[in-house]
Amino acid sequence: MEALNPRQNSSLSGYAWLKQDIIRGLFKPGEKLLMSTLKERYELGVGPLREALSQLVAERLVVAISQKGYRVASMSVAELNDIYDARAHLEAMIVTLAIARGDDAWEAAVLSSAHTLAKVVDVKTPEQRLNLWDERHKAFHTAIATGCGSKQLLQARSYLFDQAERYRHLWLTQTVFSDEALALKRQEHSALVEVILARDAIRASEMMRQHLMTPVPIIGELLKAQGSSML
């Protein structure tokens, strides 16, 4: 685990930092979350930490063990498949609605986010490239989804996105983003933008579903190799 206390250089809450650390694998699936460790790392008292842990229990990232504290929720191939299947189908429905409801400003936002994402190739450091790509990739898909105009669907989407984050991060950190890989991603996103702007809802829906399911076989193999499916 990193020696640097994360709160020294950030305004993020203890909840946000703990959630980020779990997503990024600093705390492993099944690992017990010791209050002493959390207090030192996040410079928080027991009360705020319990509140943060309760929020993460509600988000299914942490499990409360009766009279025994808290553990990081397990990860499994079955959960991976369920989350990604639900997310892919929801995103496919959302893009269909966005095409039907989105206006010119929505189209401009999609184009702008796609352009910004495509420029990640200019970043040379692997860690910077991964972090920036992930941030801009999220922004690109959010720009598309926003066009659906439904707060309820966007909330459901946000929940599934959070559930998928640990699995996505496992994939991102284990996948080398070479220039060739980034070029392929740019082609996929460009093709998706093209059908969206053409208002071809049927093709866009299917392309979105396939696009989001692409990492699943890779993540599944990583989980099996690490033994996480047995937790």
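The chain has 10 helices and two strands, where helices (H or I, at least four residues) and strands (E, at least two) are DSSP runs numbered from the N terminus. Residues are numbered from 1 along each chain as its sequence is written. In this predicted model, local features need pLDDT of at least 70 and side-chain atom pairs count only at pLDDT 80 or more, while totals for chains, interfaces and linings use all residues; side-chain values use heavy atoms, with hydrogens and water left out.

**Overall architecture**

- Along the sequence, the elements follow the pattern α-α-α-β-β-α-α-α-α-α-α-α.
- Of the 231 residues in the chain, 44% are buried (under 20% relative accessible area; exposed is over 50% and partly exposed lies in between, with a 1.4 Å probe and protein chains only).
- Among contacts (heavy atoms within 4.5 Å) between residues at least 6 apart in sequence, 73% join residues at least 24 apart.
- The chain exposes about 12100 Å², of which carbon and sulfur atoms supply 54%; the areas come from the Shrake-Rupley method with a 1.4 Å probe, and for residues only the protein chains shown count as cover.

**Largest pocket**

- The largest pocket has a volume of about 450 Å³; on a 1 Å grid over the protein atoms alone, a pocket is an open set of points with protein on both sides within 12 Å along at least five of seven lines, and lining residues have an atom within 4 Å of a point.
- Its lining comprises 19 residues, and those closest to the centre are Ile23, Asp134, Lys138, Phe161 and Glu165.
- Helices H1 (14–23), H6 (126–146) and H7 (151–174) each supply at least two lining residues, and H7 gives the largest share, eight residues.
- By class, the pocket lining has five nonpolar, five polar and nine charged residues (Ala, Val, Leu, Ile, Met, Phe, Trp, Tyr, Cys and Pro are nonpolar, Asp, Glu, Lys and Arg charged, and the others, Gly among them, polar).

**Cavities**

- The whole structure holds two cavities of 30 Å³ or more, a cavity being a set of grid points where a 1.4 Å probe fits but cannot get out; points are joined across faces, edges and corners, and a volume is the space filled by probe spheres set on them.
- The largest cavity, of about 80 Å³, has a lining that includes Trp133, His137, Lys185 and His211.
- Helix H4 (77–101), H6, H7 and H9 each supply at least two residues of that lining.
- The second largest cavity contains about 30 Å³ and is lined by Arg60, Leu61, Glu79, Ile83, Gln163, Arg166 and Tyr167; H7 provides the largest share, three residues.

**His211 site**

- His211 belongs to helix H9 (residues 201–213) and is buried, with a relative accessible area of 10%.
- Its side chain makes a polar contact of 2.9 Å with the side chain of Glu188 (a pair of N or O atoms within 3.5 Å; within protein, one must be able to donate a hydrogen and the other to accept it, and residues adjacent in sequence count only if both atoms are side-chain atoms).
- Not counting residues up to four places away in sequence, His211 touches His137, His141, Lys185, Glu188 and His189.

**Helix H1**

- Eight of the 10 residues of H1 are buried, among them Trp17, Lys19, Asp21 and Ile23.
- The cover over these buried residues includes helices H2 (35–42) and H3 (46–58), strands S1 (62–65) and S2 (69–72), and H7.
- After H1 comes Gly25, with a positive phi near 85°.
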